[in-house]
Amino acid sequence: MSNLFFELEDLIFGYEEILFDEVKIEGFVFDYLNNKLKKFNGSEKGFYFEKIVFDFFEYKGIPIRKTKKTRDFGIDGFLKLNLGFIGEVDVGLEIKYRKIGSKDIDAFRNSLEDLDINLGIICCKDSRRLDKYTLDTKLRTLLFSKGIEMKENLINERISTNPVIVLKSEDFIKIVSSDIRAFVRGVYKKWNQK
């Protein structure tokens, strides 16, 4: 099967009316993926969503190893991230075609611990508020007042205490749309300079 995101790239390059507008590209990508998903029912939708996520990481050039459907500890795959001089890091991947909550993250963290993996990504359709997994304002204020030095912008941001990243479908649609628009911008800028 071909990669959906490379197909999308080819399709978008044929539509000049959306080619230069990231918001229109985003809408096109969203509609395209939704129309693909509508063709499936029940668990088939979940399996097709897995294909979308795997295609996304392939499109981004991130090596991925899919797990078998049995005895996978709830892990759907592993990403191999190259961190330069630090080396390669394995990241567990779980894919859920539904809205996830803190119980899903807890179960995924347990799966990661069983496999001795320190980092994980959950790709999902959507998520509930996950406040439990960030330090709250009082704790940040306490750390700051006790002399623990942090950069000001770090104090103002929410600090993640969780080794699990949640990547919602809207997030990877924005990433792909931005990549396509950046590529178009680069090509046309180079073409106009000639």
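I looked up how helix 3 (residues 22-38) and helix 4 (residues 42-59) pack, and I found an angle of about 145° with the axes 9 Å apart. Axes are lines fitted to C-alpha atoms over the stretch in contact, and angles run from 0 to 180 degrees between N-to-C directions. Helices are DSSP runs (H or I, at least four residues), and strands are runs of E of at least two, numbered from the N terminus. I noted the contact residues (heavy atoms within 4.5 Å): Leu33, Lys36, Leu37 and Lys38 come from helix 3, and Lys45, Tyr48, Phe49 and Ile52 from helix 4.

The model is predicted: local features need pLDDT of at least 70, side-chain atom pairs count only at pLDDT 80 or more, and totals for chains, interfaces and linings use all residues. Residues are numbered from 1 along each chain as its sequence is written, and side-chain values use heavy atoms, with hydrogens and water left out.

I checked Asp116 next: its phi is positive, about 55°, although it is not a glycine. Asp116 lies in the loop between helix 5 (102-114) and strand 4 (120-127). At 70% relative accessibility, Asp116 is exposed (over 50%; buried is under 20%, partly exposed in between, with a 1.4 Å probe and protein chains only).

I then searched the whole structure for aromatic pairs and found ten. Rings of Phe, Tyr and Trp (its six-membered ring) pair with centres within 6.5 Å; planes under 30 degrees apart are stacked, over 60 edge-to-face, the rest tilted. Tyr15 and Phe28 form a tilted pair, 5.4 Å centre to centre with 55° between the planes.
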